[in-house]
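Reader: I'd like a close look at one part of this model. Could you pick a single residue, walk me through its surroundings, and then zoom out to the chain?

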Amino acid sequence: MTPNGAAIRAIREARELGLNRLAHLIGKSPGYLSRVETGQRGAADGTLHRIAEELHVPLEAILKGEPP
């Protein structure tokens with residue numbers, strides 16, 4: 001699965017959730033999450049599931065090719 005970093009960031013910001021907080025909730029570093037959001041790196045399926053869970057959105061909302 002390929003993350004849509006822009007969608008992750010937009011949803012996170014709409015929920016007024018800071019980068020550091022979401023990183024903590026998913027058990028990753030803020031730098032890691034920042035690179036995912038900017039498209040510099042991918043993410044494992046489990047991590048994407050965790051991000052979607054913490055953002056309270058369906059997984060499809062944070063995948064490439066799927067509208068947020």
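Author: Let's start with Arg-12, which counts as buried because its relative accessibility is 7% (buried is under 20% relative accessible area, exposed over 50%, partly exposed in between, with a 1.4 Å probe and protein chains only). Before going on, keep in mind that this is a predicted model, where local features need pLDDT of at least 70, side-chain atom pairs count only at pLDDT 80 or more, and totals for chains, interfaces and linings use all residues. Residues are numbered from 1 along each chain as its sequence is written, and side-chain values use heavy atoms, with hydrogens and water left out.

Arg-12 sits in helix 1, which spans residues 5–14 (helices are DSSP runs of H or I with at least four residues, strands are E runs with at least two, and numbering goes from the N terminus). So who's around it? Skipping neighbours within four places in sequence, Arg-12 is in contact with Leu-17, Gly-18, Leu-19, Leu-22, Glu-37 and Leu-55 (contact means heavy atoms within 4.5 Å). Take Leu-55 from that list: it lies 43 residues away from Arg-12 along the chain, yet their C-alpha atoms are separated by 6.6 Å.

Now zoom out. The protein chain has four helices and zero strands, giving the pattern α-α-α-α along the sequence. Of its 68 residues, 40% are buried. Among contacts in the protein chain with a separation of 6 or more, 57% come from residues 24 or more positions apart. As for overall dimensions, the C-alpha atoms fill a box of roughly 25 × 25 × 20 Å, taken along the principal axes.
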